[in-house]
Every structure is written in structure tokens, then in C-alpha cells.
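Hi everyone, thanks for coming. Let me put the model up on the screen, and then we'll walk through a few places in it together.

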Amino acid sequence: MALPSISSIGATFSLLIYLSLPYSITAGENNLLHQSPTARSRRPMVFPLFLSQPNSSSRSISIPHRKLHKSDSKSLPHSRMRLYDDLLINGYYTTRLWIGTPPQMFALIVDSGSTVTYVPCSDCEQCGKHQDPKFQPEMSSTYQPVKCNMDCNCDDDREQCVYEREYAEHSSSKGVLGEDLISFGNESQLTPQRAVFGCETVETGDLYSQRADGIIGLGQGDLSLVDQLVDKGLISNSFGLCYGGMDVGGGSMILGGFDYPSDMVFTDSDPDRSPYYNIDLTGIRVAGKQLSLHSRVFDGEHGAVLDSGTTYAYLPDAAFAAFEEAVMREVSTLKQIDGPDPNFKDTCFQVAASNYVSELSKIFPSVEMVFKSGQSWLLSPENYMFRHSKVHGAYCLGVFPNGKDHTTLLGGIVVRNTLVVYDRENSKVGFWRTNCSELSDRLHIDGAPPPATLPSNDSNPSHNSSSNLSGVTQVGQINLDIQLTVNSSYLKPRIEDLSKIFSKELDVKSSQVSLSNLTSKGNESLVRMVVLPPEPSTWFSNVTATNIVSRFTNHQIKLPEIFGNYQLVNYKLEPPRKRTNNNIVVIAIGIIAVIVGLSAYGAWLIWKRKQTSIPYKPVDEAIVAEQELQPI
């Protein structure tokens, strides 16, 4: 789970790999205990979790390799989902998933080494403060608990199935299993589907402190979301991940099959070897020269494992020593410096103040992963280096020794700007170098039009009008909280320009868009955007408001580079303000006028009566001598 400092990120989010031998979808998952060979906090090799043992009545059910006819496979839809965050800054990549009716949104860590999807539950008394509110089963009309049965672990009352995950870095998650509708976003061809997931009741360690809400499990096992969709015949037995580059972040995920590039490099992946996605790595080349290593070096323990939940790469000691020596030989003219954290002996180099990632390939050598088939997968420097967090223009090796463990673990750093296809149907893994931020355009991956109602980002309908849109047809105001990757001092003098750009992109009048509440968030900014209807007496339809929000959610708004990247953090749709009926107003004014008139008339009568009661002296008694005008 991610920690603020880069030096400890590998220790936190690389810890999500775990073994899962499958049962039925309500069963527990067996995991082998593998102790970390060293106390070094950056190490991610914590292969198994400790799990509660299945009930004595449980039976293990082996899963046959899922195969679909090719004709059927091509006709199935897929779900294209956007990735957020950054591997080294945040420690993970997340995607958005919506659960329940009405939908409740969650930011979940993408993990190909996990086999269960879980989110915090509303009755969790020991869950941290995360990005989104907890899941509220009581607010979902489609939620059902998974009842206790012979193939799962049960709660103390033997009423509901439970799960438990304990990670070797001392974090844990446990809770109950539930089933509900899961939605995959506006870019998905896949309609909402029922699936089993974990509803957390206890979190500890980094799971408690992380900003992300939970985990989406893409591993091999009956509780895996991929397996559940495949078992129902909804998608083909495949998925793809594409992580952004060193300066970009984000990316894409595709659940199901799609047309792969013809020049994609594939390698065999043996599902019987372990529940992890392994590849048949036999060697490494640095600057075109093969390292003097026997292929058996990469075949120990679980082989060469590819895991999206691990941050860095970890090689057996002999392989790491040869790799480090070869890289240092190629960059011998560079000055070596200390790493960002004095607790680690990182291999770091001072490069140049320009700090351009595109220039790194001219400085650091190319690296190739060689497969048993003879094909190789070319890595650029951003696939094995990370930026020094304290020294401008410095970079460090993102590859580390694995101590006593003989497993080769390739984390997310090695697949930056690389489309990785997990072709489970054919037991292969493919690699294709690409710009992951432009993946959809380059592959022409079609999504689906926005739905009539946008999934909510707040699980409490009473606090957010957008949570209960099914009966709302009129929207009087749209509030959007947008995070931009530029600091507030830079953005402040350009706020009017940004407002005009937003109005142009949304095809509305500039007077309908206003930006306020500009706040600083480190090197990023958070701004509140309000979109109003064209006239005070009008409103947006539900569909129009939904389309406006979905354009931000799906990153369809194009901003100039000077404003960096943006992300929709939160939104709220407010109903129109109640307007008083004009007839009532006229009547009220008339009544007030009558009352005022009668009051005035009554006051005049009283005054008149008082005037008639005053005694007057006779006129002759009141004669006053008249004075003549004197000449000047």
C-alpha cells in the first residue's frame, strides 16, 4: 500500500502478489507462506498471504482451463476502463468501478496478482479514510449476501461467507462476501453484471492508510473478477493492461479480447506452474550483449512472475549482480550519487539538468528480455530506471536483488508505456511498446456511449443529488471538482483562459461556466467548476448533465499542454431552485396593497375625527391688527 515517500513505495504496493489455489467462487484461496528473506522495506517478495483455513467440510474444486470458440470470442464485448494515478508517485494504478443500484463509485488498485475484489463496507469500524465513501449494502436494491455453504469459510453465526487476507508486510483485509451489480464505466461495451466481491469489515496496516478504496483482483481464481465474467460467457478469457510512462501516469485496462497488434511479442505462460502470470524468461541482454547467466537462473521458485501490483523489478542475486555490472559498464562516465533514501544503497547516476525522459535512451543502454522462443522484448530506460526524488536530473536503477528468493519478479516499472495482454485462453502473455495515453486511438478500441444515468461518486444519496438520478429529470447546476497537474500560483493568472476553454469544449456560453475555490495540493491544483443552464429560468436535462460529467470522467475534454493533465475528483448535480408561482405572487401583492390601502384610509378617518373635535374661538375675538408695508 502506498506510502508518501518514493523510497518506501516498493515496500508497500509491491506487496500485493499472493498465491490463490481456486475453490468455487465462495471458497477461500490457499496460499503458501513465503517469508521475505530480508527486512529491507523496499522488498516486495511477500508471496503469500496467510489465510484462514477452509471449513473441514469444504472441498477443493479444480478449475479447467477456460476455452471459448474463436467465433464466440470475437463476438463478445469488452470493457475498456481508464487507469489513474502513477506507479512511483502513488505506488499504484487505480481504475473506477461502480457497485450497486444506484451505483456507488470506488477507486480500486489494479492487481494482476490478486484474486479477489474488495471495498470497505459501511459497518466497518476499523477501516481507514479513503478516496470515496464506504459501500452501503443497505442503499443498494440489488445487493445480496453470499450465504454460508460448504465451499466457503463462514462467519461465527454460520450465516454468511467471509474472506480474510493477511499480507506479509503486516497489513490485512477481512470481511464478508456479497453479490451485486458491478458497472464498468462509460467506455465499456459490457453492461452492468452481477459479481461476488468482498465487503471489508476490518483493515490494518497500509490497506488502512492508503488513499485508494480497495483492490480489483485480476488474478487466476474463482473469486477473480475476470474469472467470474469469463465463466458467465460475458467476455473472452483475456485482458490487457497499459501503464503510462515516467512523466505521464494513467493508462488503460481492457477486460476481454480485442484485436491485438500484429507485431506484439508473445511468450508462453504456464497456468499450471503457479497461480501467478509467469513468462518463460531465459536471459537478459544489455546493450545487445547477453549476460553470462544460465537460463535456470530465471526458473527458480515460481519462475519469472509478471505482476501489476508490484512497483519495481527483483532479480535473483546472481542475475542482479550481472545486470548491474553491465549497466554500470555502459554508463561509466556518469557520476554516481547517493539514492533518495539513506537507508537504501541505491545505484543512482547524475545525468543532466535537462531531465528529459526522451533523452534517456541516448544515455542508458537498451535492455532486452529474451524468451524461450528466441523472441525478445525491448525495454527502454524508463522500464528499469526511476527518477531521483531529491536530485534534479538524476536517475536510479529500478531493479533490485531478491536475496534468498529465487523468483524473478517483474513489477509495473518494466511495463511502462507497454500494452501487456494476458491471453489466458491460449496461455500466453504479449508485449507491445506504445504510448498508453493514446492506446484507444492507436488500436481503435471502441467503447460505449454514455449511459442515461451516470454512476454516482457518493454512496449516500441524501448528501449528493447525483446519487439518486433515476427520478431526477431536471438539473439546475453542475458542480465539478477538478484536479490539474499544475500548481495554483501558475494557474491563478490563467483561470479566465481555462474557464473559456472549458466552455468551448462543452459547447456552452462562457457565462455558464465559472471557476472558483482554487486551492493548492502540492504541485497540483484543485478548482471548483460550476456549469449553469443558459438562462436562470431553465435547466439541464438528466441526459445533458450526465454527458457533461462523463466528458470529464472519460477525459474527452482537451486542454492545452500549459494546463497539464486533469482528473475529475468529485461532482454533484443539483436540482433547479424552486420558483414561486407568478399567480400567487400577484395575489399576494394585491392582498398587501388592499391591506395597506385600508390601513391608510383608517388612519385618515381617525385624523379627521380628531380635527373636528378641536374647539375654535369666534372670529371676532381673533382679529389681529394688520400691519402696513413701510416704504424703503
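Predicted model: local features only at pLDDT ≥ 70, side-chain atom pairs only at ≥ 80, totals over all residues.

Residues are numbered from 1 along each chain as its sequence is written, and side-chain values use heavy atoms, with hydrogens and water left out.

Back to that pair. Strand 30, residues 477-484, and strand 32, residues 524-531, run antiparallel and are joined by seven bridges. Helices (H or I, at least four residues) and strands (E, at least two) are DSSP runs, numbered from the N terminus, and two strands pair if DSSP finds at least two bridges between them. As a reminder, strands of a sheet pair through backbone hydrogen bonds, either parallel or antiparallel.

Which order do the four strands of this open sheet take? The order is 31-32-30-34, with antiparallel pairing. Strand 31 (513-521) and strand 34 (566-574) stand at the edges with a single partner strand each, so one side of each has no neighbour in the sheet. From one strand to the next, the twist averages 15°. Helix 8, residues 495-506, lies across strand 30, strand 31 and strand 32, and runs at about 125° to strand 31. For those angles, axes are lines fitted to C-alpha atoms, for helices over the stretch in contact, and angles run from 0 to 180 degrees between N-to-C directions; contact means heavy atoms within 4.5 Å.

Now over to helix 10, residues 582-612, where I587 is found. I587 is exposed, at 54% relative accessible area; here buried means under 20%, exposed over 50%, and partly exposed in between, with a 1.4 Å probe and protein chains only. Together with I591 and I595, I587 forms a nonpolar surface patch with about 290 Å² of accessible area. Patches take residues with over 30% relative accessible area and no salt bridge, joining like charges within 9 Å and nonpolar side chains (Val, Leu, Ile, Met, Phe, Trp, Tyr) within 5 Å. A salt bridge is a side-chain nitrogen of Lys or Arg within 4 Å of a carboxyl oxygen of Asp or Glu.

Next, Q375, in the loop between strand 21 (367-371) and strand 22 (376-379). Q375 is partly exposed, at 39% relative accessibility. Neighbours within four places in sequence aside, Q375 is in contact with V265, F266, M369 and V370. V265 is 110 residues away along the chain, yet the two C-alpha atoms are separated by 7.2 Å.

S183, in strand 8 (residues 172-183), is buried at 11% relative accessibility.

Last, some backbone geometry. Most residues other than glycine have a negative phi, and most peptide bonds are trans. T101 and P102 are joined by a cis peptide bond, with omega about -5°, and P102 sits in the loop between strand 2 (94-99) and strand 3 (104-111). A287 has a positive phi near 55° and is partly exposed, at 30%. N417, in the loop between strand 26 (408-410) and strand 27 (418-423), has a positive phi of about 50°, and N417 is buried at 12% relative accessible area.

Methods: Areas by Shrake-Rupley, 256 points an atom, 1.4 Å probe, with all protein chains shown as cover.
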